[in-house]
2 protein chains.
Amino acid sequence: MIDTLYGELSDGAIGVFDSGVGGLTCVKELIRLMPQEDIVYLGDTARVPYGTRSRDTIVRYAKQDIAFMEKHKVKLLLVACGTVSSVISSGNIFEGTGINCYSGVIIPACDAACEATRNKKIGVIATPATIRSGRYEFEIKRQCPDISVYSNPCPLLVPLAENGYTERGCAPAEFFVKEYLTPLKEQGIDTLIMGCTHYPLFEEVISDFMGEGVKLISSSGVTAEMTFEALKAQHALKPETHKGKVELYCTDSVQLFKENVSRFLGEAECEIAQCKL
Amino acid sequence: MIDTLYGELSDGAIGVFDSGVGGLTCVKELIRLMPQEDIVYLGDTARVPYGTRSRDTIVRYAKQDIAFMEKHKVKLLLVACGTVSSVISSGNIFEGTGINCYSGVIIPACDAACEATRNKKIGVIATPATIRSGRYEFEIKRQCPDISVYSNPCPLLVPLAENGYTERGCAPAEFFVKEYLTPLKEQGIDTLIMGCTHYPLFEEVISDFMGEGVKLISSSGVTAEMTFEALKAQHALKPETHKGKVELYCTDSVQLFKENVSRFLGEAECEIAQCKL
């Protein structure tokens, strides 16, 4: 599990990568919290989604993503992909890469969920690969052995999000939220980890279905907050006078990527280019 | 557009490839028509879907798929992927490959549709990349300039099919069939090309929605039939006493692939292995 944030920080950008556009929910939050920071984002849109693939394939793809970030000399790297964060051991994947300051989204989300739960019942939704890895459950149990964790894979939520079917009143969004969350609701969870960075787009539909008593934890949101706190504590934030530059890279065509960017990122100013891995 | 079937036939297997499991609807039909034939199938499950990606990326992936088939010395190659069939020019992609007998799914489907239509209004549903290519429309117009063609891309049908949401009574299948087919129904089409090899799994839902007056053309089904007729005409079928061997290769894990095979292929006997491209 990739989940540490340490090491000496250089003056580079914050690196963020994801299988596709989902990690932009994390970038959006980073920009909101730290508009002065430079950000380099990579979305592997030529091979998205990762979450329905095998561990070996995900490891192979992630190594290439990390090599790209290394070339950009990022000061820290956020693995804003729940799938990569959960199936990969940070020791193996970062060894010899020159990147020694990094975080996945698992520990920040588990920290927030353990703090939020009152009845000690936490639900987790994520991609099939993430759920198969058992990492969210492992980390929650490691922190608080008396918490019960209920998980369910949601293979259709990523394609729905990538195609814009996420809003309140959208029938397939409501169908799949009900399909995937009913077993968790029946267990009486009071906290739900949205363990894939695409899922914050379904926040309203999920919130309507689960009811007000259930606290939603966005893995990308809490990871951005944790990063902000860590940089602040280490006095490693750029001066507030600096205007952060946001560079987005995708592995498929820029045109197709652009159609999704505004949906995920809102109106933030950014440069978009294609890259090879 | 990859759509010829000529050249001298060797004694090898029939090669079939697709981005994922959709092309197995073609294999199923090949087995039904010619149980004596050997079949080598490749599903690029580590990079599925192709249909939402750019042309350049699809070309790169298709070249690797074809190189794999070349190594297996197939006697003819069916590109059972509507996306690859439509975005690639056969002259460029097969040049120098040693494969000189091949077909995509576009021309067989257009032939069948042009023959079936009475009111000269044909609908086409396919992946976004296929629809963007305009190949179905081009080929129909080339054959019959007075036919009107109405097309609509269906980005969600592939993920729904890969996850088993295809049956009559399945709410998201019915939602998306209605969403994607309403504009075509309103045009009064009497013939509909299911221009992606995943779509035959939705045949009942599509048929219910379109009504009895609309003839459905399965691109994979008619391509298998055309192949059968061509082999028969060239006396290139294996003897009926031969028991055909079916080898399936996937680029992601065999276990994940197996979960889908029976849904697409039924109970046919086959060997499954992973391969690298």
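This briefing describes selected features of a predicted model with chains A and B. Local features are reported at pLDDT of at least 70 and side-chain atom pairs at pLDDT 80 or more, whereas totals for chains, interfaces and linings use all residues. Residues are numbered from 1 along each chain as its sequence is written, and chains are lettered from A and ligands numbered from 1 in the order in which they are written. Helices (H or I, at least four residues) and strands (E, at least two) are DSSP runs, numbered from the N terminus.

**A parallel sheet in chain B**

- In chain B, an open sheet of four strands has the order β6-β5-β7-β8, with parallel pairing; two strands pair if DSSP finds at least two bridges between them.
- Axes are lines fitted to C-alpha atoms, for helices over the stretch in contact, and angles run from 0 to 180 degrees between N-to-C directions.
- Four bridges join β5 (residues 121–126) and β7 (residues 191–194) of chain B in the parallel sense, and B:G123 has B:L192 in β7(B) as its bridge partner.
- Helix α5 (residues 106–116) of chain B packs on the sheet, where it touches β5, β7 and β8 of chain B, and its direction makes about 165 degrees with that of β8(B). Contact between two residues requires their C-beta atoms, placed from the backbone, to lie within 7 Å.
- Helix α9 (residues 171–186) of chain B also packs on the sheet, touching β5, β6 and β7 of chain B, with its direction at about 165 degrees to that of β6(B).

**Strand β7 of chain B and its crossover**

- Strand β7(B) is covered on both faces, with B:T191 and B:I193 buried on one side and B:L192 and B:M194 buried on the other. A residue is buried if 20 or more other C-beta atoms lie within 10 Å of its own, exposed if 12 or fewer, and partly exposed in between, with C-beta atoms placed from the backbone.
- Parallel pairing over four bridges also links β7(B) to β8(B), and in β8(B) the residue opposite B:L192 is B:L216.
- From β7(B) the chain passes through helix α10 (residues 203–210) of chain B to β8(B) in a right-handed β-α-β crossover. Right-handed here means that, with the strands pointing away from the viewer, the path from the first strand over the helix to the second runs clockwise.

**Helix α1 in the two chains**

- In chain B, helix α1 (residues 24–33) packs with helix α11 (residues 219–233) at an angle of about 35 degrees, their axes being 8 Å apart.
- The crossing of α1(B) with α11(B) is right-handed; a crossing is left-handed if the near helix is turned anticlockwise from the far one by less than a right angle, and right-handed if clockwise.
- Residues making this contact include B:C26, B:L30 and B:L33 of α1(B), together with B:A224 and B:F228 of α11(B).
- The contact residues comprise five nonpolar, five polar and two charged. Ala, Val, Leu, Ile, Met, Phe, Trp, Tyr, Cys and Pro count as nonpolar, Asp, Glu, Lys and Arg as charged, and the others, Gly among them, as polar.
- In chain A, helix α1 (residues 24–33) is mostly covered, seven of its ten residues being buried; among them are A:C26, A:V27, A:L30 and A:I31.
- Those buried residues of α1(A) pack against β1 (14–18), β2, β3 (76–79), α11 (219–233), β9 (246–250) and α12 (254–265) of chain A.

**The contact between the chains**

- Chain B and chain A each give 17 residues to the contact.
- On the side of chain B that touches chain A, α2 (55–71) and α9 of chain B are the elements giving two or more residues, and α9(B) gives the most, with four.
- That side of chain B has nine nonpolar, four polar and four charged residues.

**Backbone features in loops**

- A cis peptide bond leads from A:V48 to A:P49, with omega near 0 degrees; A:P49 lies in the loop between β2 (39–43) and α2 (55–71) of chain A.
- The peptide bond from B:V48 to B:P49 is also cis, with omega near -5 degrees, and B:P49 is placed in the loop between β2 (39–43) and α2 of chain B.
- Although not a glycine, A:K120 has a positive phi of about 60 degrees. This residue, A:K120, sits in the loop between α5 (106–116) and β5 (121–126) of chain A, and it counts as partly exposed because it has 15 C-beta neighbours inside 10 Å.
- B:K73, not a glycine either, has a positive phi of about 45 degrees. The loop between α2 and β3 (76–79) of chain B holds B:K73, which counts as partly exposed because it has 14 C-beta neighbours inside 10 Å.
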